[in-house]
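This report describes one protein model for a reader who is new to structural terms. Please keep the sequence and the structure in view while reading.

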Amino acid sequence: MRAADVPSGVVVVGVGFRPGTGADRIVAAVRAVLGTGDCRCLATVDRRAGEPGLREAATRLGLPVRAFPPAELAEVEVPHPCARAAAATGTASVAEAAAILAAGGGPLVRAKSVHDGVTVALARPAT
């Protein structure tokens, strides 16, 4: 994605990834989608929030991490649910649903995309 494709204004980045994913891959995926955009936080499922790769990525990006339990994520309607994610995490959406929840119910401005195994989605915070 080109930087010109990134929506203007503050966004929240939802991320989904497999255990053991390194910070370099997470940072690269976030930057691929966010470019130089302004981000409020990274958001994910609670069981991934303590992963060393995510913690290091958040530190490098200077962002806090918001985490949500699978049951809460599963309640969010998303455009691209995934059966594989549901089997792995207990919710059919991690990146899109986490972005929406961390944005206070704000809309997705970028549907999920996968970058080197890391799924990323953007939502605009509800004001």
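## Strand 5 and its partners

In strand 5, Leu-122 is the bridge partner of Arg-110. Strands here are DSSP runs of E with at least two residues, and helices are runs of H or I with at least four residues, both numbered from the N terminus. Strand 4 (residues 108–115) and strand 5 (residues 118–123) run antiparallel and are joined by five bridges. Two strands count as paired if DSSP finds at least two bridges between them. His-115 lies opposite Val-118 of strand 5. The two strands form a hairpin with two residues between them, and Asp-116 in the turn has a positive phi of about 50°.

Strand 5 also pairs with strand 1 (residues 10–16), again in the antiparallel sense and over five bridges. Here Val-15 has Val-120 as its bridge partner in strand 5.

## Burial of strand 5

Which residues point each way from strand 5? Val-118, Val-120 and Leu-122 point one way, while Thr-119, Ala-121 and Ala-123 point the other way, and all are buried. Buried means under 20% relative accessible area, exposed means over 50%, and partly exposed lies in between, with a 1.4 Å probe and protein chains only. Because six of the six residues of strand 5 are buried, the strand is largely enclosed by the rest of the structure.

## The whole protein

This is a predicted model, in which local features need pLDDT of at least 70 and side-chain atom pairs count only at pLDDT 80 or more, whereas totals for chains, interfaces and linings use all residues. Residues are numbered from 1 along each chain as its sequence is written, and side-chain values use heavy atoms, leaving out hydrogens and water.

The protein has five helices and five strands, in the sequence pattern β-α-β-α-β-α-α-α-β-β. Its radius of gyration is 13 Å, close to the 14 Å that the globule rule gives for 127 residues, so the protein is as compact as a globular protein of that length. The radius is taken over C-alpha atoms, and the rule is 2.2 Å times the number of residues to the power 0.38. The C-alpha trace spans about 35 × 30 × 20 Å along the principal axes.

Of the 127 residues, 45% count as buried. Among contacts (heavy atoms within 4.5 Å) with a separation of 6 or more, 61% come from residues 24 or more positions apart.
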